[in-house]
Structure formats: structure tokens, C-alpha cells
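My notes follow as numbered points.

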Amino acid sequence: MAEEQSHTAQEQDINPWSVEGARDENGEVVAINYEAICRKWNTSIIDDKLLERFEKVTGHKPHRWLRRGLFFSHRDFDRILTLYERGEPFFLYTGRGPSTGSLHLGHTIPLQFTKWLQDVFDVPLVFMLTDDEKALFKDSITFEDAMHFAMENAKDIIALGFDLKKTFIYSDLKYVSNHFLMNAWEFGKLVTFNQVRGAFGFNESTNIGRIFFPSLQCVAAFATSYPEIWKDEPSTERTQEIANIQCLIPMGIDQDPYFRLLRDNAHRMRFPSPKPALIHSKFLTALQGAGGKMSSSDPNSAIFMTDTPKQIKTKINKYAFSGGQVSIEDHRRLGGNPDVDVSYVYLTYFEEDDAKLEEIYKNYKSGELLTGELKKMTIEVLQQYVAAFQEKRKEVTDEVLAAYMKPRKLEWKGNPNPVPAPAPAIRTKKESA
Ligand code: TYM
């Protein structure tokens with residue numbers, strides 16, 4: 001008698017170090033349920049009303065990743081729109097944990113989106129490279145390795161087109177000192193082990209480096225951590241005036257636990273800062289399909305920004321999960337399923353033309369478009385995207401890198417036509433009586 005395999009259904013597990021879709025009662029991985037994450041973590045869904053307000057306030061059509069729900073959730077993004085509308089200052093902060101020498105396609109999603117926000121809002125950006133984190137969380141990576149990867153990754157980041165005048169990129173191991181370090185220790189004094197255990201699942205055997213690290217990723221959202229970027233003469237002490245500058249953090253939703261901790265405690269600092277606003281992306285799926293994210297720790301799941309056109313072609317043809325039928329006859333008769341087809345999903349990220357994408361969806365579903373044809377389109381789009389990136393990457397010399405990583409006053413303009421906040425109503429004597 002064949003032995004019966006017993007499986008138990010498992011909930012999805014999303015955290016800053018790994019992303020796993022739920023498993024059904026047969027042990028099969030199912031697609032990540034983003035609405036469930038929003039409900040569990042109490043974030044707000046980005047809806048049409050918010051996008052309409054975005055367009056009205058900025059005069060820009062929302063990015064295709066907003067239109068298509070790939071950036072799908074936020075905390076207080078509406079407040080950032082109000083600041084922009086009124087011409088009040090705010091800044092962008094994002095980051096990358098340098099675990100390998102090259103970015104993969106998935107990393108470029110929040111980064112490209114951050115660049116677009118920088119262009120739209122015309123505001124400063126600080127970019128954190130958590131080389132300390134990667135050495136602490138991966139036994140195989142030394143601090144020297146991580147710092148080396150950070151420099152290579154910084155060149156990749158620059159190749160995505162961030163504006164030098166408005167961008168400061170730093171490695172934690174090289175930059176963190178002075179006001180930044182003071183913020184980190186002060187934040188560390190406010191937050192208990194119980195809080196980080198709850199947020200990150202640490203236990204008594206977790207090394208103390210890992211337990212302290214969240215403090216760094218959190219206080220990187222305080223304007224006071226970067227005294228050099230605001231004024232020609234950096235202030236020698238942290239000030240409330242600088243602490244008041246709000247931050248907006250674009251990221252994949254796996255990073256949210258850090259910033260929940262931060263939002264719960266930012267007002268408790270000696271110089272309190274507003275809760276940072278957050279905007280979350282879904283994960284670019286692994287080549288193998290829904291339920292996993294493209295990840296450097298599984299090279300077969302990812303297309304790297306160093307891949308050759310041939311490697312991209314082979315990876316898509318060999319690994320990209322297909323929603324097509326097993327034979328051409330069946331496909332023509334029954335049609336394919338674009339919603340689970342990885343090649344189609346990748347096109348939703350990289351094909352700008354909404355009408356063309358809709359046509360592809362319809363034709364694949366009806367069986368008119370075959371899997372091989374769909375894969376060919378995706379291969380071409382990705383080869384172009386990666387080749388354009390590689391061209392730009394060649395131009396990033398050590399001198400260019402040093403210019404982005406130099407702590408200095410940044411230059412930006414913000415909203416060219418702000419509408420000042422309405423003055424508070426003056427009450428007449430009679431009204432106040
Ligand atoms: P890291 O290096 O794991 O990832 C960098 C950014 O890429 C996002 N990401 C993805 N987005 C879409 N699809 C994917 N498959 C995918 N894989 C990764 C991550 O969510 C992240 O936004 N600790 C952080 C570095 C960091 C940071 C930050 C990130 C420091 N401060 C502030 C965001 C915001 C890390 O290791 O990221």
C-alpha cells in the first residue's frame with residue numbers, strides 16, 4: 001500500500017529575511033495574499049481616490065506600477081501629498097542589504113520607483129547600504145565581503161539614474177557616526193528586547209548585533225541623522241527644526257516590520273520626528289512562480305542585472321512558470337492563464353503600454369497567443385532593460401561613486417507652485433465667548 005503523505009496547511013510567512021507563500025492542505029505553495037498582509041499589518045490599500053489626488057497635486061500621471069497595483073499599500077502617503085502641495089520639506093529614504101555583488105531584477109523595482117518619486121517631487125534621497133546587516137545575518141559573509149558588495153551595489157544603484165545633486169548613498173560600516181550613532185543609541189534605549197522579539201522573531205540565542213541592528217535601519221529615517229545634507233554649515237547638534245522634516249520610505253512590503261517599530265517610537269525621541277510615511281511594493285515573483293519572491297539566495301529564481309542576453313533567454317525558457325496548456329492543440333482550445341504565467345507577470349512590470357498589455361492578456365487567455373510567443377516577448381523586453389542598465393553601469397567609475405558617497409549639502413527645489421496651508425480661522429470675540 002502506498003504510504004499516504006500527510007501535509008498540514010501553513011500560513012504565509014513574510015519577514016525582512018525570507019518570504020514564503022502559504023501552503024494548502026496538499027502542501028502546495030499558493031500565491032502570496034497581499035490583502036491578507038495589509039489586514040494583518042494594518043496598512044492602507046492604495047485606491048483610485050489616492051491616485052487621483054496624486055495626479056491632481058503633482059500634475060503627473062501615476063507610474064504604471066501604481067496604476068497596476070504593484071505598489072499597492074501605504075502608511076500616510078496622503079500626508080506626503082499634503083506636504084508637497086503646501087511646499088513643505090520632506091525627504092526620501094530607501095536601502096539595500098548588499099548580500100551579493102549584483103542586484104537582481106526584483107531589487108530594481110523599489111529603486112526605480114524611488115528614482116521616479118525623486119524626479120516627481122524634486123526632493124533629497126538618502127540611500128542606506130546595510131553591509132552591517134548582511135554580515136550579521138549571513139554566517140557566510142564577512143564584514144569585509146559585505147562592505148565590498150556595498151560598493152559594487154552602490155555602482156548599480158547609481159546606474160539606475162539617481163540625480164547626484166539630490167542623492168546621498170552610504171555604507172553603514174563607513175558612515176554611521178556622530179548624530180546618526182547618537183540617534184541609534186537613543187532609539188536603542190527606548191526599545192525593549194520584547195518589542196524587537198515581537199517584530200522580528202528574535203530569541204535569547206540571537207546574537208546581540210542582530211538585536212541592535214534594527215535601531216540603525218530605523219533611525220536612518222530621521223533627518224537629524226544626516227546633518228551635512230541640509231545646510232552648508234552642518235549644525236553641530238541635533239535640532240528640532242531638522243527633526244521635523246518628514247521622511248517617505250519606498251520599499252518591498254517585507255521591510256515593513258522595521259518601520260512599524262519606528263512609527264511606534266519616533267515621537268519618543270528627545271527631538272521627536274513625525275511618523276515616516278511608507279509606500280509598499282509587491283514582490284517580483286521568482287521565476288518558478290507565485291508564492292516566492294525573486295531572491296539572491298536562490299540564483300535559479302532570479303535574473304541578475306549582470307546576466308547576458310543568452311542567460312536571460314535560457315532562464316525564461318527553462319524556468320519561467322507557464323500558465324499555458326501542455327500541447328498547442330489544448331492551448332488553442334482551452335486558452336492559457338496569464339494571471340499565473342511568470343512571463344506575463346514580468347511584462348506587467350516592464351511593458352509601459354497599457355493597451356498592448358491588455359491585448360496580450362486577452363490573446364493569451366483565448367489561446368491565440370502561445371506560451372513560446374509570450375516568452376519571446378518577455379525575453380526581448382528584459383534583454384533590453386538589462387542591456388540599457390549595463391551600458392549605464394559601465395559609466396560609473398570610482399570617482400562617480402565617491403561623489404555620490406560624499407556627505408555634503410544636497411540641492412533640490414520641491415514643489416514649484418505650492419499652495420500654502422489655509423490660515424487657521426480667526427475667531428471673533430463673540431464666537432470665542
Ligand atoms: P534588500 O537588499 O533585501 O532589498 C532591497 C529592496 O528590494 C526589495 N526587494 C524586492 N522588491 C520586489 N521584488 C523582489 N523580489 C524583491 N526582493 C527584494 C526589498 O523589499 C527592499 O526594498 N534591510 C534592507 C535594506 C534597507 C532598506 C531600508 C530597504 C535598509 N533601509 C529602507 C528599504 C527601505 C534589505 O536588506 O533590503
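1. The shell around the ligand divides into nine nonpolar, ten polar and six charged residues, where Ala, Val, Leu, Ile, Met, Phe, Trp, Tyr, Cys and Pro count as nonpolar, Asp, Glu, Lys and Arg as charged, and the others, Gly among them, as polar. Of the 25 residues around the ligand, those that come nearest are Tyr-93, Gly-97, Glu-133, Asp-254 and Leu-284, a residue being near if one of its heavy atoms lies within 4 Å.

2. This is a predicted model, in which local features need pLDDT of at least 70 and side-chain atom pairs count only at pLDDT 80 or more, while totals for chains, interfaces and linings use all residues. Residues are numbered from 1 along each chain as its sequence is written, and side-chain values use heavy atoms, with hydrogens and water left out.

3. A nitrogen atom of the ligand lies 2.8 Å from a backbone N or O atom of Leu-284, and a ligand oxygen atom is 3.5 Å from a side-chain N or O atom of Lys-134. Of the 690 Å² that the ligand exposes when taken alone, the protein buries 98% (accessible areas by the Shrake-Rupley method with a 1.4 Å probe).

4. Asn-183, Phe-222, Thr-224, Arg-238, Ala-243, Met-269, Phe-271 and Ser-273 line the largest cavity, a cavity being a set of points on a 1 Å grid over the protein atoms alone where a 1.4 Å probe fits but cannot get out, and lining residues having an atom within 4 Å of a point. By class, this lining has four nonpolar, three polar and one charged residue.

Terms used
On a 1 Å grid over the protein atoms alone, a cavity is a set of points where a 1.4 Å probe fits but cannot get out, and a pocket is an open set with protein on both sides within 12 Å along at least five of seven lines; lining residues have an atom within 4 Å of a point. A polar contact is a pair of N or O atoms within 3.5 Å; within protein, one must be able to donate a hydrogen and the other to accept it, and residues adjacent in sequence count only if both atoms are side-chain atoms.
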